[in-house]
Amino acid sequence: MARKARRSEPKKRKEAASAIQVAPSPGPRWLRLGLGVVGALYIAGVFIEGAGGGRLDRFVPRPVLFFCQIAALFPRAATYRIEYRAEGLPCQGPAFEVDVRPFFPIHADDKESRFDRALHFYRNDRPTMEALESYVMDRYNLREQVKIGGMLFLSLRIPIPAPGSAFPRYERAPLAGFPKEQRKVWYATARDVVNRRCGGGDP
Amino acid sequence: MSERPAAPHSAGFAALQPIERLEFVRLFAPLAILGFLASRFVHVEHWLTTVGFVVPQRAVSDYRQPLYIPPIPVWLAFLVAIATVASGFATSLGYRTRWTSGVFAGLLGYLALADRLEAFTVNKLGTAVALALFASPAGARFSIDAWLRCQREPDTRLATHVHWGNVRFFQALLVFMYLASGIAKAKGDWLSDPNAIWSHLHDSYQTAFTHFLAIAVPGAAFTVFQYLTLAYELGAPLWFGVRRLRLVGLAFGLTMHATIGVMFGPVIWFSLLMMILLFACFAPLRWLARPLQGAWAKITETAGANSSSLAKAARG
């Protein structure tokens with residue numbers, strides 16, 4: 001029985017081999033080898049960037065490295081629930097909240113909004129904040145009666161409930177409802193700039 | 001990592017791989033990427049043109065703006081969106097796969113680099129996936145290309161296998177992605193803070209399901225899930241490298257990504273992309289082959305009821 005099985009084995013293997021049809025990879029051998037090396041280097045880049053073990057930006061062009069930065073999501077615990085908000089500085093009277101969602105319609109209601117992302121990445125970058133100020137102010141003044149001459153961008157740092165405790169469902173609440181100690185201002189137009197803009201009538 | 005007989009000249013890591021794994025990626029990964037892009041393409045003028053907010057050019061390239069690409073006219077932005085959708089669907093269907101996957105990869109690369117504010121893991125990883133499909137023989141089977149080839153050459157035999165690199169790339173990428181994530185989490189807060197997952201349940205990503213779980217499940221359950229996730233990611237080479245553990249790794253990975261998908265709203269597309277790659281790379285071959293071959297047989301038999309060549313193609 002065993003001998004019979006052994007005799008039929010090469011035949012089976014031959015049949016299996018003849019049933020195999022290999023789709024050729026494109027290009028000549030040197031190109032396929034090259035692509036293999038590129039693939040291996042890419043995986044190494046993803047690993048090193050994700051694990052945080054190297055300074056690849058010294059060797060790898062940034063646009064290439066950018067595509068390696070795909071691992072290591074949420075490595076840290078959140079210390080607060082962060083929300084980014086805007087206030088308008090009118091020519092007269094106190095600052096008031098500006099709902100920026102109509103000006104950033106992509107994922108307007110979650111933190112993938114361009115407004116949130118701009119503040120997340122560039123909140124300390126003055127040229128970008130100035131460009132953001134100009135964008136929001138222009139859009140707002142086009143739509144509203146009460147004009148503004150400056151902006152204030154801030155984040156809310158809302159404490160995270162204790163583990164296991166009951167808490168209400170997430171909902172965007174008006175800025176006025178948050179105490180001062182939960183607000184962190186990142187950018188504000190200087191008062192004299194607001195006054196200058198307001199000097200010649202409405203900005 | 002495959003159950004099919006290998007060709008006589010190859011073995012082990014370098015064994016020929018069943019084509020189903022590659023074609024599964026080609027069929028479904030572009031759909032997950034397009035799903036992610038859909039909500040952005042609806043307002044494409046706010047993304048790629050000066051109609052929306054544009055981050056100004058920075059003096060020095062950094063991780064936020066590795067390459068400055070100026071905004072484009074609105075008509076061109078719409079054209080880019082249409083071309084991306086068309087090339088993505090064409091890649092998925094396997095129509096002129098070499099060309100369409102190349103165009104898809106190029107456009108995804110542009111979209112990721114054009115603006116950091118809309119660059120997420122899905123379109124960065126998606127670019128790599130599309131490039132890998134472009135460099136592979138994807139579309140040789142279960143595709144319009146294969147269907148047309150059978151019409152042109154009735155005696156043709158469709159491919160059953162591909163060279164190992166075409167599949168091993170995706171498998172290794174997944175394993176090293178998980179391992180890197182696990183190391184980053186271990187170096188971060190996931191070992192020292194038992195509430196790392198809990199702390200992320202409260203922002204605008206929160207879904208009704210997240211809220212329900214957070215108030216219905218004891219807080220300790222999230223800590224257990226946190227350590228299990230860490231063990232899964234750090235142990236990825238083991239889960240997927242040891243054949244006997246592969247199903248455990250696959251089941252945990254799919255469950256983990258499904259849970260993340262339903263708990264963190266917009267992250268659903270990332271979860272889907274990862275689940276597609278996981279399933280294609282590590283599911284037992286019969287789980288891939290049966291549905292693919294069944295669907296292929298139905299489609300080709302329906303399309304070519306009167307054509308013997310198509311019926312032959314359906315039988316593979």
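**Confidence first**

The model is predicted. It scores ipTM 0.92 and pTM 0.91. Colour chain B by pLDDT: the average is 92, and 92% of the residues score at least 70. Now select residues 1-9 of chain B. There pLDDT stays under 50. For that stretch the model has 17 contacts beyond four places in sequence.

**A loop in chain A**

Go to chain A and select the loop between helix 3 (62-66) and strand 2 (80-90). Check the backbone torsions at both. Most residues other than glycine have a negative phi. Ala72(A) has a positive phi, near 65°. Phe74(A) also has a positive value, near 50°.

Phe74(A) has 18 other C-beta atoms within 10 Å, so Phe74(A) counts as partly exposed.

**Helix 7 and helix 9 of chain B**

Switch to chain B. Select helix 7 (residues 165-187) and helix 9 (residues 219-234). Their axes come within 7 Å and cross at roughly 135°. That angle makes helix 7 of chain B oblique to helix 9 of chain B. The crossing is left-handed.

Show side chains at the contact:

- From helix 7 of chain B: Tyr178(B), Leu179(B), Ser181(B), Gly182(B), Lys185(B) and Ala186(B).
- From helix 9 of chain B: Leu230(B), Glu233(B) and Leu234(B).

Colour this contact by class: five residues are nonpolar, two polar and two charged.

**Helix 5 and helix 12 of chain B**

Next, select helix 5 (residues 121-134) and helix 12 (residues 268-282) of chain B. How far apart are their axes, and at what angle do the helices pack? The axes are 9 Å apart, and the angle is about 30°. Angles under 35 degrees count as roughly parallel, so helix 5 of chain B is roughly parallel to helix 12 of chain B. Helix 5 of chain B passes helix 12 of chain B in a left-handed crossing.

Now display the residues that meet:

- From helix 5 of chain B: Thr121(B), Val122(B), Leu125(B) and Gly126(B).
- From helix 12 of chain B: Trp269(B), Phe270(B) and Leu273(B).

By class, this contact has five nonpolar residues, two polar and no charged.

Technical notes. Residues numbered from 1 in each chain as written. Chains lettered and ligands numbered in written order. Predicted model: local features only at pLDDT ≥ 70, side-chain atom pairs only at ≥ 80, totals over all residues. pLDDT = per-residue confidence, 0-100. Contact = placed C-beta atoms within 7 Å. Helix = DSSP H or I, 4+ residues; strand = E, 2+ residues; numbered from the N terminus. Buried ≥ 20, exposed ≤ 12 C-beta atoms within 10 Å, placed from the backbone. Axes fitted to C-alpha atoms, helices over the stretch in contact; angles between N-to-C directions. Parallel < 35°, antiparallel > 145°, perpendicular 65-115°, else oblique. Left-handed = near helix turned anticlockwise from the far one by under 90°. Nonpolar A, V, L, I, M, F, W, Y, C, P; charged D, E, K, R; others polar.
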